[in-house]
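I wanted a few spots in this fold checked by hand. Here are my notes, in the order I looked things up.

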Amino acid sequence: MRDALWSVMSKGAQVMAPDALLPAAALLDLYGEDIRARAYVTQDPVLGEMMLRPDYTVPVVQAHMAGGVAPARYAYQGPVWRKQTAASGRAREYGQIGLEVFDGTNPAAANADVFDTIMRALDHAGVNGRAVITGDIALMRSAVASLQMSELRRGALMRHLWRPNRFNALLARFAGEADHPQGRDALSLEALDTQVADAGPAIGLRSPDTVIARVQRLVGDRDEVKVPRDQVTALRALQAMSTNLSEAADAALALVAPLPLLSPAIDSLRAWADAIASKGYDPAKIEFRGAYGLTSMEYYDGFVFGVSVQNQLVATGGRYDALTAALGGGSKMAAVGAVIRPDSLQAALS
């Protein structure tokens with residue numbers, strides 16, 4: 001099965017083989033300290049902090065951005081490692097067969113190309129009974145960008161877009177539906193300098209100026225006006241959207257009045273849905289969810305999809321243009337990729 005999958009995924013692509021041990025700095029810069037909870041970290045006496053490869057996309061993007069030119073197509077296969085909870089039942093080491101495409105000439109066509117490659121690879125391996133779900137992270141990002149709120153609050157929502165429980169808790173607070181964190185109502189800016197000075201000597205790394213600035217931000221957040229009700233309602237409707245790919249753009253269009261920055265993302269959604277249709281797939285038979293893909297690795301920022309067999313997720317993919325800028329020193333390229341997990345596929349078919 002692996003050979004059948006690989007023969008399709010690697011066709012016309014440059015084969016990449018990133019090291020199993022990667023410098024931790026780039027991954028920490030990208031994901032923050034949260035990555036430590038998901039990746040295996042070790043200390044090298046010469047190279048410093050290293051991580052067992054948690055996925056292939058980051059090292060492939062790094063290698064391409066260091067000197068690659070678009071269009072480019074890369075394929076890879078091998079193991080990745082991620083920590084799992086004892087109760088999850090998930091493997092800590094598992095294989096990936098993947099594809100990354102860098103091509104900004106027609107992003108919608110590139111999305112459809114990667115989608116089609118995954119489907120053809122599964123066909124070539126004789127895999128039937130597939131369930132496909134699509135989504136578009138750009139819709140949610142554009143919806144948050146539309147909200148009438150401070151950049152401080154907007155930044156908090158964007159950071160937690162990938163953590164639905166935290167995101168929804170923040171949204172409820174910003175909408176005035178939930179109380180501020182305990183103790184915040186007691187904060188006051190009156191004679192703040194005096195309060196800090198009277199508190200005694202500074203202990204730890206935070207200076208008095210840092211404490212004052214933090215209190216000022218917290219008070220400003222506490223006193224900010226509520227997000228308009230129509231915007232909150234529209235954002236939740238987008239989160240809950242469940243339709244088919246043929247109707248998704250029109251469903252999102254109904255939310256543009258309260259969320260005006262949705263329009264470009266809707267145009268992009270129409271384009272890649274049409275491109276997938278041009279490959280011979282019926283959009284009316286492909287599921288679309290407004291919040292799909294928001295619990296996976298945090299670099300997707302547009303088109304996303306997942307393929308399940310026997311209710312087991314066996315392939316995922318999506319667009320990650322912003323990641324290329326993060327790893328390319330500000331130089332940005334259009335990029336989309338996908339992976340098949342042959343171990344999960346084999347288990348689903350057993």
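**Entry 1: a strand residue**

I started at T134, which sits in strand β7, residues 130–136. I note that I am working from a predicted model. Is T134 buried or exposed? Its relative accessibility is 0%, so T134 counts as buried. The cut-off for buried is under 20%.

Next I listed the contacts of T134, leaving out residues up to four places away in sequence. I found L245, W272, I286, E287, F288, R289, Y292, V304 and F305.

**Entry 2: helix α1**

I moved to helix α1, which covers residues 2–9. Which of its residues are buried? I wrote down A4, L5, W6, V8 and M9.

Then I asked what covers the buried residues of α1. Among the strands, I noted β1 (14–15), β5 (72–81), β6 (93–102) and β12 (335–340). The helices in the cover include α4 (107–124) and α14 (342–349).

**Entry 3: the nonpolar core**

I looked up the largest nonpolar core and got 105 residues. The residues with the most contacts inside this core are I118, L139, L262, V307 and I340. Which element gives the most to this core? It is α4, with nine residues.

**Entry 4: empty space**

Rolling a probe the size of a water molecule over the atoms shows where empty space is left. How many cavities of 30 Å³ or more are there? I count one. The largest cavity has a volume of about 30 Å³.

I wrote down its lining: L313, V314, A315, T316, V339 and R341. Strand β11, residues 312–319, supplies the largest share of that lining, four residues. By type, the lining residues of the largest cavity divide into four nonpolar, one polar and one charged.

**Entry 5: a helix residue**

Last, I checked R159, placed in helix α6, residues 151–159. Is R159 buried or exposed? At 54% relative accessibility, R159 counts as exposed, because the cut-off for exposed is over 50%.

I also looked up how R159 stands to E298. The two are 139 residues apart in sequence. In space, C-alpha to C-alpha, R159 and E298 are 9.6 Å apart.

How values were computed:
Residues numbered from 1 in each chain as written. Predicted model: local features only at pLDDT ≥ 70, side-chain atom pairs only at ≥ 80, totals over all residues. Heavy atoms only, no water. Helix = DSSP H or I, 4+ residues; strand = E, 2+ residues; numbered from the N terminus. Buried < 20%, exposed > 50% of the residue type's maximum accessible area, 1.4 Å probe, protein only. Contact = heavy atoms within 4.5 Å. 1 Å grid on protein atoms, 1.4 Å probe; cavity = no way out; pocket = protein on both sides within 12 Å on 5 of 7 lines; lining within 4 Å. Points joined across faces, edges and corners; volume = space filled by probe spheres on them. Nonpolar A, V, L, I, M, F, W, Y, C, P; charged D, E, K, R; others polar. Core = buried A, V, L, I, M, F, W, Y, C linked by side-chain atoms within 4.5 Å.
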